[in-house]
Number of protein chains: 2
Amino acid sequence: MSLNKALTLYVAHFLDELVQAGVKNIVISPGSRSTPIAMLAAEHPDLKIWLQVDERSAAFFALGMAKASREPVAIVCTSGTAVANYMPAVVEAKESQVPLIVLTADRPHELRDIGAPQAIDQINFFGKQVKWFVEMAIPEDRQEMLRYSRTVAARAVAVCQMSPSGPVHLNFPFREPLVPIIEDDSIWKEGLDERRPFVNVTPPTWQANDELLEQLASKLLSIERGLIVCGPYDRPEFAETAVSLGEKLGFPVLADPLSQLRAGRHSKDIVIDSYDAFLRDEYIAERLKPEVVIRFGAMPVSKFLFLYLKNNPSIEQIIIDGEGLWRDPTLLAAEVIYADPLYFAKKLGSLLNKKIERNGHQFTNSWLESWITADRIAGETLYSVGKEEPDFEGRVVIELADCLPEQAVLFVGNSMPIRDVDSFFLSTDRNIRIMCNRGANGIDGTISTALGASTTAWPLVLLVGDLTFFHDLNGLLAAKLHELNATIVVVNNEGGGIFSFLPQSAHPKNFELLFGTPLGLDFSHAVKMYGGRFTRINRWNDLRNEITTSLASGGLNVIEIRTDRYLNVEKHRRIWNLANEKIKQYLQE
Amino acid sequence: MSLNKALTLYVAHFLDELVQAGVKNIVISPGSRSTPIAMLAAEHPDLKIWLQVDERSAAFFALGMAKASREPVAIVCTSGTAVANYMPAVVEAKESQVPLIVLTADRPHELRDIGAPQAIDQINFFGKQVKWFVEMAIPEDRQEMLRYSRTVAARAVAVCQMSPSGPVHLNFPFREPLVPIIEDDSIWKEGLDERRPFVNVTPPTWQANDELLEQLASKLLSIERGLIVCGPYDRPEFAETAVSLGEKLGFPVLADPLSQLRAGRHSKDIVIDSYDAFLRDEYIAERLKPEVVIRFGAMPVSKFLFLYLKNNPSIEQIIIDGEGLWRDPTLLAAEVIYADPLYFAKKLGSLLNKKIERNGHQFTNSWLESWITADRIAGETLYSVGKEEPDFEGRVVIELADCLPEQAVLFVGNSMPIRDVDSFFLSTDRNIRIMCNRGANGIDGTISTALGASTTAWPLVLLVGDLTFFHDLNGLLAAKLHELNATIVVVNNEGGGIFSFLPQSAHPKNFELLFGTPLGLDFSHAVKMYGGRFTRINRWNDLRNEITTSLASGGLNVIEIRTDRYLNVEKHRRIWNLANEKIKQYLQE
């Protein structure tokens, strides 16, 4: 019995310190070796547990919760390939800096690499995909070991949140017997004094020094043709701050859909949202070429913004990176400043205030006006033509943007949906948060991530293509088990729509086999199995009503709209051309 | 255009050498970066391509093909989390020594770790889970680089098949443009002389030396109480050889269901298949305690055989390992002999022939007779009681064993099904191959592995529980896309049946939540979506007919039978007790 007691206290102290350090949720996949963590987690009064059988979906579900709540989430599974199923979400967490605490149960040392069942090499299993790996000690209830257990927990929560935030992996060797002894609430403190949390950790704030900021402020005020580019970055207060900075500098603010600058109460006068449409035109791109670009967040989704930066080496790119990474695929950065973007933008803005008064700087200039006008023309054309167009995937985004209510979350699949959102989700004063797994841009785990996000945000709409929907069908189980509310809009073009935009499409032989990959699946069956409501839209004019109805009702709702990949490409190209012709006319006036 | 030409020839020579070295199949998941490999693979006249969208299922599908065909299979996917989805099958391939050639497309060096889309760190991505990793050179069509490309291909095929066989990973950095130039068949040889294959590789055979074999033969002939234990091992000719060795030594041959000794034309007089039932009885285990055990293959499935070996340190265990591993979770091995099991058993047998003539050794002894009789009593009881019992999962195995035709493959899920097959699949003269993912014993990827196996074996029946069926539902897509024939028998006990056999079941609080995990899914919907036929068995007496009908028809057939986890445990225990009481009576006579 003393073995169980030691196991119980060691794991109980670990979990309790996780909770004290701010972890509120743990996603559990069933298994035997992980019994001590699962059973104790279920008993902790302040830890909410979520079950998911498929560990791949479980990890993405946790990722979604962590992204939406901006708080670390723990996951736990048994030994063996269960651990391997965590890999996709761990990679995405690493690439998108999401704090995930991966707990894996393992055989003890004497049962490793000797053919014992379900034993694989879990030491450093995730390699460079995690920030920190700890092979935990065998459970003991000596004071020192309980301090150790608490200390690792506190540190894990801190490490996964420090820049660059990301996943950590703790591997627990457990010996049998595996069932903990849970008699009463004393297990959360027994054996150690009552300090809870045992240790508080304060992470640093990355700040640029005053001298650098002064110099930069003075330099920027002397420049007319400047841009602020806001890539994917999800931080409260950042939208207002970035826009205010742009206003003070007289620089247009290019807002990626994942920058959270397109939606909300802040001023959007200088927010540019249609650059992906008009920067694809060489003439316009040349006319709107800046001297300097200040970039925040990850590289934006838009391929044409990327090419515009890459093809103009004379643009001085100043990259503000709060994660200590190197997010410059143009390989043209002139300055990389490692600093917290929010603090940096605020402080730089405050320095400009002073300068402005001194210099009497004017913020209405032809540079800013050209951008604002081009963006207005593009936006109006995309919207007015797109919203009437049948068989056009961009229209799905327009309808969504029009009818999503205040506080909604729009979770977007990779491949075509995020690109359509980039093109067709225009600025709005409603608070709508747009999310996407944009770390590694995978089509996997999307349903699970969105459903994980739905636990802290409502109403949530997920927009995905059919391949992405298929890839994580198992993720729908969470909606059933946990009675979640979500609307999923599936744009079903029978395969990989993005390939029709790529050079592969010029080679018809084997194209459908290798790239188009039509699956021919009637998803209504799957949705029914998971207890959801499935609606197939037959008339494009019904789409908006159907979304609105679904948002008002609870539970899982899947709305499918069928499109044609070939028609869709043509319509995209036609609408972009239409907008750009009008802009060129304006610029040539 | 010369970039495309270099890319084309480099990849064409690589693929052609794979084919020349024996690779016949490649499983492709759609993606852009992997375009050169996918498009060229589709053109190779001797390479069969198989599409699967979900990379996790794709890799397991390839694993199943490789296992069933005993030949290496290649898989290819694009960069990013696609690679991560291969991890579970790669782990299983490593742990079960299956030759898998993992090809991943990657961004070139200048686009890595700088925020380019879909770029993750793929160098050594699978860590210790693969045997060999190669970061390929950037494609060039200089002679040296085409020789390099062919050499790596030939070596990859050799390495993945040499002991211990397992997965290898080749990571291909590809620059745009990605579309190869395929004009005619000259691409398979252009730029190099016409040697195809470019290089032949001959792997070694691991043989024990004659002196050791002579000594061992003479020692074994002096021992009466010996056993041969055959664990999971799937090799033609091995069954006859092992049985012949046992006959010459007068040692019973304990045959794991995955040893392939229970089914086939070879003599089964001394093959013991019910030891899992009777070794759980302490009295019987003590009475049937050997002096020496010769073990082939991995550790058998049976927990009670394991405990019998572990609890008797005086048993001299001689382990013949053809993979260079250390498969002895008892930690009691007296001898580990690294040698090819088939050659070893043949050679040892041939030495015994001589000795026998010289010594006039008698092979009918009371030791052998006790084992054979105990096994016969157990088998008869399990069969006769089990086959009449409703609500009993063991009966599903009995019915399957009775009606599977010649040349059938029975693919078995982990957790309860493989244990039930161990208990209830008794010896038969029909050639039936029994397969299972017994490397890491995961419940993941089982449908895909079985469907992969079905491409080379017919008829195939997969026996799984509901959690395992759920875990790889996406795997069913392969049956639809490739029009495969398979019968899947789902034992649906609404959750994790194995936990009812474990100590966790004594703790009812949270048991259903954490371990039972009932999903409440009506699988008929999913099966319908994939174009399969779904049958739910309501009367146990209909089970056999339904299986027989299904085997005769083509396509995907899913047969579900519902059981009760609690009743099932009780029935198992009662039947084992019944058999063991009879055996004790016999032994006490």
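Modeller: The buried residues of α2(A) pack against α1 (2–20), β1 (25–28), β2 (48–51), β3 (73–77) and β4 (100–106) of chain A, and also against α19 (511–516) of chain B. The model is predicted: local features need pLDDT of at least 70, side-chain atom pairs count only at pLDDT 80 or more, and totals for chains, interfaces and linings use all residues. Residues are numbered from 1 along each chain as its sequence is written, and chains are lettered from A and ligands numbered from 1 in the order in which they are written.

Seven of the nine residues of α2(A) are buried, namely A:Thr35, A:Pro36, A:Ile37, A:Ala38, A:Met39, A:Leu40 and A:Ala41. Buried stands for 20 or more other C-beta atoms within 10 Å of the residue's own, exposed for 12 or fewer, and partly exposed for values in between, with C-beta atoms placed from the backbone. Helices (H or I, at least four residues) and strands (E, at least two) are DSSP runs, numbered from the N terminus.

In UniProt, an unreviewed entry places the feature "domain: Thiamine pyrophosphate enzyme N-terminal TPP-binding" at residues 13–124 of chain A. UniProt positions are in the numbering used here, feature names are shortened, and annotations may be inferred rather than shown by experiment. Over residues 13–124 the chain is 42% helix and 18% strand, with end C-alpha atoms 24 Å apart. The record also places "domain: Thiamine pyrophosphate enzyme TPP-binding" at residues 441–561 of chain A, again from an unreviewed entry. That stretch, residues 441–561, is 35% helix and 20% strand, and its end C-alpha atoms are 23 Å apart.

The interface comes next. Between the chains, 72 residues of chain A are in contact with 72 residues of chain B. On the side of chain A that touches chain B, α2 (35–43), α4 (81–85), α5 (87–96), α17 (466–471), α19 (511–516) and α20 (524–529) of chain A each supply at least two residues. The largest share, five residues, comes from α5(A). By class, this side has 40 nonpolar, 19 polar and 13 charged residues. Contact means C-beta atoms, placed from the backbone, within 7 Å. Ala, Val, Leu, Ile, Met, Phe, Trp, Tyr, Cys and Pro count as nonpolar, Asp, Glu, Lys and Arg as charged, and the others, Gly among them, as polar.

In chain B, strand β1 (residues 25–28) is covered on both faces: B:Asn25 and B:Val27 are buried on one side, B:Ile26 and B:Ile28 on the other. Four bridges join β1(B) in parallel to strand β2 (residues 48–51) of chain B, and B:Val27 stands opposite B:Trp50 in β2(B). Two strands pair if DSSP finds at least two bridges between them.

Further along chain B is an open sheet of six strands in the order β14-β13-β15-β16-β18-β17, with parallel pairing. Its edge strands are β14 (433–436) and β17 (533–537) of chain B, each pairing on one side only. Neighbouring strands of this sheet are turned by 20 degrees against each other on average, direction ignored. Helix α14 (residues 393–403) of chain B packs on the sheet, touching β13 (409–412), β15, β16 and β18 (556–562), and its direction makes about 160 degrees with that of β16(B). Helix α16 (residues 446–454) of chain B also packs on the sheet; it touches β13, β14, β15 and β16 of chain B and makes about 170 degrees with β15(B). Axes are lines fitted to C-alpha atoms, for helices over the stretch in contact, and angles run from 0 to 180 degrees between N-to-C directions.

Within the sheet, β15 (residues 460–465) and β16 (residues 486–492) of chain B run parallel and are joined by five bridges; B:Leu463 stands opposite B:Val489 in β16(B). B:Val489 is buried, with 27 other C-beta atoms within 10 Å. Leaving aside neighbours within four places in sequence, B:Val489 is in contact with B:Val396, B:Leu400, B:Val461, B:Leu463, B:Ile547 and B:Ile559. The C-alpha atoms of B:Val489 and B:Asn557, 68 residues apart along the chain, are separated by 8.4 Å.

Chain A has an open sheet of six strands in the order β9-β8-β7-β10-β11-β12, with parallel pairing. Its edge strands are β9 (271–272) and β12 (333–338) of chain A, each pairing on one side only. Five bridges pair β11 (residues 316–321) of chain A with β12(A) in the parallel sense, and A:Ile319 has A:Val336 as its bridge partner in β12(A).

Definitions and conventions. Two residues are in contact if their C-beta atoms, placed from the backbone, lie within 7 Å.
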